[in-house]
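My plan is to go from the overall layout to single residues and note what I find.

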Amino acid sequence: MKFKLAFALPALFLLPLLTHNSPLAAKVSAPFQIHVVDADGHGIPGVKVSADGRIVCYTRSDGTVRWSETELMNRDVTFRFDHAGYGENSKILHVTQSGHAELTLRH
């Protein structure tokens with residue numbers, strides 16, 4: 001019983017780090033957002049977005065995607081955008097916490 005408690009105890013000390021008001025939570029709760037739109041300004045869902053060729057996400061139904069990975073913050077990142085009918089596009093964006101960008105894809 002003491003053996004299991006020894007492993008559970010350190011986890012209890014980490015709980016305050018994961019709460020909403022902690023400094024650690026503040027770093028990941030302010031993502032960088034990209035809004036991918038068509039020529040008419042409507043969000044495009046399902047666009048494959050990759051950051052530096054490693055991290056891949058897809059836009060939501062409103063055309064947005066959020067990035068909260070700390071290794072992407074405060075630097076220039078090459079994003080690739082791929083969607084049927086629009087082809088593949090790329091753009092270098094400066095990623096910051098709470099930052100945002102809009103990209104227009106054309107047929």
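**Loop between β6 and β7**

I began with serine 98, which sits in the loop between β6 and β7. The model is a predicted one. I looked up the backbone of serine 98 and found phi near 65°, a positive value in a residue other than glycine. Is serine 98 buried or exposed? Its relative accessibility is 52%, so serine 98 counts as exposed, the cut-off being over 50%.

**Loop between β4 and β5**

I then went to asparagine 74, in the loop between β4 and β5. Here phi is near 60°, again a positive value in a non-glycine residue. I checked the surface too: asparagine 74 has a relative accessible area of 57% and is exposed.

**Overall layout**

I stepped back to the whole chain. I counted 2 helices and 7 strands. Along the sequence the pattern reads α-α-β-β-β-β-β-β-β. The protein has 107 residues, and 29% of them count as buried. I also looked at how far apart in sequence the contacting residues are. Among contacts with a separation of 6 or more, 45% join residues 24 or more positions apart.

**The sheet**

Which strands form the open sheet, and in what order? I noted 4 strands in the order β3-β2-β5-β6, with antiparallel pairing. β3 and β6 are at the edges. Each has a single partner strand, so one side of each has no neighbour in the sheet. From one strand to the next, the twist averages 25°. I then picked out the pairing of β2 with β5, which is antiparallel and runs over 4 bridges.

**The nonpolar core**

Next I looked up the largest nonpolar core, which has 21 residues. Which members touch the most other members? They are Phe32, Ile34, Trp67, Phe79, Phe81 and Leu105. I listed the elements that give two or more residues to this core: β1 (32–37), β2 (48–51), β4 (64–67), β5 (75–83), β6 (87–95) and β7 (100–104).

Setting aside residues up to four places away in sequence, leucine 105 touches Val36, Val37, Asp38, Ala39, Ile44, Val47, Phe81, Tyr86 and Asn89.

**Aromatic rings**

I searched the whole structure for aromatic pairs and got 3. In one of them, phenylalanine 32 and phenylalanine 79 have ring centres 6.3 Å apart and planes at 20°. The cut-off for stacking is under 30 degrees, so this pair is stacked. The pair links distant parts of the chain, with phenylalanine 32 in strand β1 and phenylalanine 79 in strand β5, 47 residues apart. I also noted one aromatic cluster made of Phe32, Trp67, Phe79 and Phe81.

**Phenylalanine 32**

I stayed on phenylalanine 32 to list its contacts. Beyond its neighbours within four places in sequence, phenylalanine 32 is in contact with Val65, Arg66, Trp67, Met73, Phe79, Leu93, His94, Val95, Thr96, Gly99, His100 and Ala101. I looked at threonine 96 separately.

**Threonine 59**

My last stop was threonine 59, in the loop between β3 (55–58) and β4.

What does its side chain reach? I found the backbone nitrogen of valine 47 at 2.9 Å from the side chain of threonine 59. The backbone nitrogen of glycine 46 lies 3.0 Å from a polar atom of the threonine 59 side chain. I then wrote down its contacts, leaving out neighbours within four places in sequence. Threonine 59 is in contact with Val36, Ile44, Pro45, Gly46, Val47, Val49, Thr64 and Val65.

Technical notes. Residues numbered from 1 in each chain as written. Predicted model: local features only at pLDDT ≥ 70, side-chain atom pairs only at ≥ 80, totals over all residues. Heavy atoms only, no water. Core = buried A, V, L, I, M, F, W, Y, C linked by side-chain atoms within 4.5 Å. Buried < 20%, exposed > 50% of the residue type's maximum accessible area, 1.4 Å probe, protein only. Contact = heavy atoms within 4.5 Å. Phe/Tyr/Trp six-rings, centres within 6.5 Å; stacked < 30°, edge-to-face > 60°. Polar contact = N/O pair within 3.5 Å; in protein donor to acceptor, adjacent residues only side chain to side chain. Pairing = 2+ DSSP bridges. Axes fitted to C-alpha atoms, helices over the stretch in contact; angles between N-to-C directions.
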